[in-house]
Amino acid sequence: MAYSTAAEFKAAFPEDEVVQITNLDDPTATSSNDDRITEALIRASSEIDSYVGIAVGLPLASVPLVLKGKELDIARYYLDSYDPREDVRRRYEDAVAWLKLIAEGKASLGVDTNGTEVVSGSPFPAFYTNDRVFTPSTLQGY
């Protein structure tokens with residue numbers, strides 16, 4: 001399931017670019033191909049899940065804002081991958097590098113669309129122990 005919609009994709013990038021990269025087989029097209037956008041978004045969310053799923057449980061209860069942006073950049077790269085422009089390739093590589101940091105637990109998912117902090121970390125419960133009761137200094141004299 002994609003984290004973003006075709007409408008959000010079209011709002012994020014210039015209209016003429018969206019028309020061009022969604023119609024690589026028809027250079028005379030005048031409107032974007034929403035089916036191709038949706039397909040690219042699903043592929044991008046699958047790639048995202050492969051990294052994020054290491055750090056947090058899936059599916060996510062809510063979508064972090066930063067994740068939507070990364071998904072849009074990855075989908076744009078997929079659509080433009082025949083001959084990607086330098087800025088599109090760089091944004092894709094930056095998104096993947098950030099996802100690797102998420103998987104390693106070195107970056108946070110930030111906040112969701114409601115402004116609630118998304119908790120990241122291990123899906124396993126944390127544990128701790130109390131300080132030692134019996135130490136050489138507390139046992140001194142026995």
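Predicted model: local features only at pLDDT ≥ 70, side-chain atom pairs only at ≥ 80, totals over all residues.
- N23 is buried, because its relative accessible area is 11%, which falls under the 20% cut-off.
- The side chain of N23 makes a polar contact of 3.3 Å with the side chain of T22.
- Beyond its neighbours within four places in sequence, N23 touches A29, S31, S32, N33 and R36.

**Helix α2 and its cover**
- Five names make up the buried residues of α2: E17, V18, V19, I21 and T22.
- The cover over these buried residues includes α1 (6-12), α3 and α4 (65-79).
- E17 has a relative accessible area of 8%, so this residue counts as buried.

**Salt bridges: the overall picture**
- The model holds 12 salt bridges.
- Some of them join up: E17, R76, D80, R85 and D87 are linked in a network of salt bridges.

**Salt bridge K68 to E8**
- K68 pairs with E8, and their closest N and O atoms are 3.0 Å apart.
- This pair links distant parts of the chain, with K68 in helix α4 and E8 in helix α1, 60 residues apart.
- K68 counts as buried because its relative accessibility is 17%.
- E8, with a relative accessible area of 31%, is partly exposed.

**Salt bridge R85 to E17**
- R85 forms a salt bridge with E17, where the closest N and O atoms are 3.0 Å apart.
- R85 belongs to the loop between α4 and α5 while E17 belongs to helix α2, so the pair ties together parts that are 68 residues apart in sequence.
- R85 has 33% relative accessibility and therefore counts as partly exposed.

**Salt bridge R36 to D25**
- R36 and D25 form a salt bridge whose closest N and O atoms are 3.1 Å apart.
- Here too the pair links distant parts of the chain: R36 is in helix α3 and D25 is in the loop between α2 and α3, 11 residues apart.
- R36 is partly exposed, because its relative accessibility is 30%.
- D25 is exposed, with a relative accessible area of 57%, and the cut-off for that label is over 50%.
- R36 is also one of the residues in contact with N23, which brings us back to where the tour began.

**A cis peptide bond**
- The peptide bond that runs from L58 to P59 is cis, and its omega is near 0°.
- P59 is located in the loop between α3 and α4.

- V133, F134, L139 and Y142 together make a nonpolar surface patch of about 550 Å².
- L139, one of these patch residues, lies in the segment after α5 (86-104).
- L139 counts as partly exposed because its relative accessibility is 40%.

Conventions. Residues numbered from 1 in each chain as written. Heavy atoms only, no water. Patch = residues over 30% accessible without salt bridge, like charges linked within 9 Å, V, L, I, M, F, W, Y side chains within 5 Å. Areas by Shrake-Rupley, 256 points an atom, 1.4 Å probe, with all protein chains shown as cover. Salt bridge = Lys/Arg side-chain N within 4 Å of Asp/Glu carboxyl O. Helix = DSSP H or I, 4+ residues; strand = E, 2+ residues; numbered from the N terminus. Buried < 20%, exposed > 50% of the residue type's maximum accessible area, 1.4 Å probe, protein only. Polar contact = N/O pair within 3.5 Å; in protein donor to acceptor, adjacent residues only side chain to side chain. Contact = heavy atoms within 4.5 Å.
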